[in-house]
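The tour goes stop by stop.

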Amino acid sequence: ILIASDLHIPKHDIELTSKMLAYAKQNKIKTLMLLGDLMDMEEFSFFGIDDPTSSFKRNCRYTGDFIQLASIVFDEIIWSKGNHEERLSKSNKNHIDMSLLAGMCGLTDLVESKRLIIVENTLVYGSVGNWVYVHPANYSRTPGKTPSDLALKFQRNVLTAHEHTMAMVRDSTDTYWAIACGGLFNPLYHK
């Protein structure tokens, strides 16, 4: 399994994303987990729009194109909700869920074939080992603090998204691994 997060399409790092796909193809990795914030969704942000050319329709098309491209490399893609996908849900009183969003991105065929698995929340329990994967609402400026705190809460190894930093630490009891996986966003847009 390859885990990626925080692409923030269309503000993703195209070169880094291409390298990820090439690495997966070369190493025959068959499952991709997208741990939230695949889309930036600034059109639904309380913080305003940075890019005046931003368009939800365009961003859905770019996201669909990326997932279709990824489906050439991976047999299975898991897309879970992040706080940026949550923006869309909150803006319409939860009438548009992740499955409907995937359809808006032109991905119905992949969903129906079960090659694209949609997770309607920000938490995914691992099927192998004692792992939980989460795109938490909270984050810390201290690298590794959020996954370490969550490892103690869940009593499991934890891999988190959202913080935009990478860290791998042990929790405070030295029992669980706590990993912050960074992101594939373009750093010109997200600091």
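Is Pro-187 buried, exposed or partly exposed? Pro-187 is partly exposed, because its relative accessible area is 47%, where buried means under 20%, exposed over 50% and partly exposed in between (1.4 Å probe, protein chains only).

Before moving on, two notes on the ground rules. This is a predicted model, in which local features need pLDDT of at least 70, side-chain atom pairs count only at pLDDT 80 or more, and totals for chains, interfaces and linings use all residues. Residues are numbered from 1 along each chain as its sequence is written, and side-chain values use heavy atoms, with hydrogens and water left out.

**Stop 1: after strand E9**

Stay on Pro-187. It lies in the segment after E9. Helices (H or I, at least four residues) and strands (E, at least two) are DSSP runs, numbered from the N terminus.

Now select Phe-185. Phe-185 is also in the segment after strand E9 (177–181). Phe-185 counts as buried because its relative accessible area is 10%. Gly-82 is 103 residues away from Phe-185 in sequence, and 14 Å away C-alpha to C-alpha.

**Stop 2: the second largest pocket**

Select Ile-3, Ala-4, Met-166, Cys-181 and Leu-184. Of the 18 residues that line the second largest pocket, these lie nearest its centre. The term needs its rule: on a 1 Å grid over the protein atoms alone, a pocket is an open set of points where a 1.4 Å probe fits, with protein on both sides within 12 Å along at least five of seven lines, and lining residues have an atom within 4 Å of a point.

The volume is about 330 Å³. That volume is the space filled by probe spheres set on the points, with grid points joined across faces, edges and corners.

Which elements supply at least two residues each of the lining? Strand E1 (2–4), helix H1 (14–26), strand E8 (166–170) and E9 do. By class, the lining has 15 nonpolar, 3 polar and no charged residues. Here Ala, Val, Leu, Ile, Met, Phe, Trp, Tyr, Cys and Pro count as nonpolar, Asp, Glu, Lys and Arg as charged, and the others, Gly among them, as polar.

**Stop 3: into helix H1**

Start in the loop between E1 and H1, where Pro-10 sits. Ile-9 and Pro-10 are joined by a cis peptide bond, with omega about 15°. Most peptide bonds are trans.

Next, colour Thr-17, Met-20, Leu-21 and Ala-24 of H1: they are buried. Look down the axis of H1: the buried residues fall within an arc of 95°, so they line one face of the helix. The arc is that of the directions from the helix axis to the C-beta atoms. On the other side of H1, Glu-15, Lys-19 and Gln-26 are exposed.

What covers the buried residues of H1? The cover includes E1, strand E2 (31–35) and helix H2 (56–73). Contact means heavy atoms within 4.5 Å.

**Stop 4**

Select helix H3 (residues 83–91). His-84, Glu-85, Arg-87, Leu-88 and Ser-89 are buried there. H2, strand E3 (76–80) and helix H4 (98–104) are among what covers them.

Step on to the loop between H3 and H4 and pick Lys-93. Its phi is near 55°, a positive value in a residue other than glycine. Lys-93 counts as exposed because its relative accessibility is 71%. Asn-94 lies in the loop between H3 and H4 too, with a positive phi near 65°. Asn-94 is exposed, at 53% relative accessible area.

**Stop 5: Val-124**

Go to strand E5 (residues 123–125) and select Val-124. At 12% relative accessibility, Val-124 counts as buried. Show its contacts: Met-33, Ser-80, Val-119, Val-132 and Tyr-133, not counting residues up to four places away in sequence.

**Stop 6: helix H6**

Finish at helix H6 (residues 145–154). Its buried residues are Thr-146, Pro-147, Ser-148, Leu-150 and Ala-151. They pack against strand E6 (131–134), strand E7 (157–160), E8 and E9. Just after H6, Gln-155 takes a positive phi of about 55°.
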